[in-house]
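This report goes with the sequence and model shown below. Please keep both in view while reading.

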Amino acid sequence: MINSGEIIKKGNIDREELALVNRYTRRELSADELYCFSMILCDNEIDRDIEQFSTAELYKIAELFEGKTGIFDHEPSAANQCARIYRCYVREDDGRVNSIGEKYACVMADAYIPRSESTSSLIESIESGIRKEVSIGCAVQRTLCSVCGNDMHSFDCVHKKGRRYDGSLCFGRLSGVTDAYEWSFVAVPAQRGAGVVKEFKTEVGLLDSISKRLKAAGDLTINEAEKAELVEYIERLKGLSSEGESYRRELIDDVTRLNALAESGMSTKLLSSIVERMTISELKAFKSVFEKRAACPQLAPKSDSERGRVSDEYII
Ligand SMILES: [Zn+2]
């Protein structure tokens, strides 16, 4: 397995590459003024967090990292930003499969560093192999379970990454890469952190961020990805709300039916005026009391005076 973020030295760049580099430079640079190298930013192998990018996600990553500048050891100061990716693409390997039997694929990036006094030690550290790994940071929307397909951060999934279910390994499929933050040189072996740094943009995070912006003064602007997620979230809330309402109605019907069986002495009219204002948990508590009464009629009030009274358990 190739380490995520391996640096591969490359030879002199050709005219086509030079043109790609010069899209990003303030003045036209010649090949002599540049130091270029290639990197594998990440691949579709299962990583140390037992998570995997599908090949389709790798194509999104490649698109997002084009033109991005690199930093040293994740310290984003302007002085550190001296290497830039001028070409980024996915390489699929027909003759090789990853550990789960899929065709191996990786994100390749070509980057340049302008040769100068201030960059010579960095170039030297790459040349000598002191810096031979990079790590990348990107935003991922969700991790889907390889066993059940549900979001692993939701209650719908009960599986654990790294365990085997019917012989197959459970791992997270990283889905929905939305942003690429940075790529960074990692000194080896001083830092163990080489690899892919993932930040999960959860719905809570998204809604928090939108609600913060809603509270702030001025107009609110949201991007396409946020818009799509917000619509999806609202639709899901609508679904949950209608399910909740129909469950509440069922509980009201149960309570009304049980009230008659339990002979509580409360008129249906009085009861319905009370239950209509109750929450689901209050209705559930009410129902359980009525169920007990209905099952054991001896618990029901006997005397006429008792019949007219609502027990303390009913007071809300
Ligand atoms: Zn699962």
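## Overall make-up

The structure is a predicted model. Its protein chain has eight helices and 11 strands. Of the 316 residues in the protein chain, 38% are buried.

Contacts between residues at least 6 apart in sequence can be sorted by separation: 70% of them join residues at least 24 apart.

## The zinc site

Four residues coordinate the zinc ion: Cys145, Cys148 and Cys157 through SG, and His159 through ND1. Along the chain, the donors of the zinc ion are spaced as C-x2-C-x8-C-x1-H. The arrangement is tetrahedral because the four donor atoms subtend angles of 105 to 115° around the zinc ion, and all angles must lie between 85 and 135 degrees for four donors to count as such.

The cysteines of the site can be sorted by accessibility. Cys145 has a relative accessible area of 3% and is therefore buried, since the cut-off for buried is under 20%. Cys157, at 10% relative accessibility, also counts as buried. Cys148 reaches 32% relative accessibility, so Cys148 is classed as partly exposed.

The structure holds zero disulfides. Cys36 is buried, with a relative accessible area of 6%.

## Helix H2

Helix H2 spans residues 55-65, and its buried residues include Glu57, Leu58, Ile61, Ala62 and Phe65. They cover an arc of only 150° around the axis, so they sit on the same side of H2. An α-helix has 3.6 residues a turn, so residues three or four places apart point the same way.

The exposed residues Ala56 and Glu63 are carried on the face of H2 turned away from its buried side. After H2 comes Gly67, which has a positive phi near 85°.

## Helix H3

In helix H3, made up of residues 120-127, the buried residues include Leu122, Ile123, Ser125 and Ile126. Down the axis of H3, its buried residues fall within an arc of 160°, and they therefore line one face of the helix.

Ser99 is in the loop that runs between strand S5 (83-97) and strand S6 (103-114). With a relative accessible area of 54%, Ser99 is exposed, because exposed means over 50%.

Which residues does Ser99 touch, not counting residues up to four places away in sequence? They are Glu45 and Ile46. The side chains of Ser99 and Glu45 are joined by a polar contact of 2.6 Å. Ser99 and Glu45 are 54 residues apart along the chain, and their C-alpha atoms are separated by 6.7 Å.

## Lys287 in helix H7

Lys287 is part of helix H7, which covers residues 280-295. Leaving out residues up to four places away in sequence, Lys287 touches Leu251, Asp254, Val255 and Leu258. With Asp254, Lys287 makes a polar contact between side chains, at 3.0 Å.

Key
Residues numbered from 1 in each chain as written. Predicted model: local features only at pLDDT ≥ 70, side-chain atom pairs only at ≥ 80, totals over all residues. Heavy atoms only, no water. Donors = N, O, S within 2.8 Å, 3.2 Å for Na, K, Ca; no water. Tetrahedral: all angles 85-135°; square planar, octahedral: opposite > 155°, others 65-115°. Buried < 20%, exposed > 50% of the residue type's maximum accessible area, 1.4 Å probe, protein only. Helix = DSSP H or I, 4+ residues; strand = E, 2+ residues; numbered from the N terminus. Polar contact = N/O pair within 3.5 Å; in protein donor to acceptor, adjacent residues only side chain to side chain. Contact = heavy atoms within 4.5 Å. Arc of directions from axis to C-beta. Disulfide = S-S within 2.5 Å.
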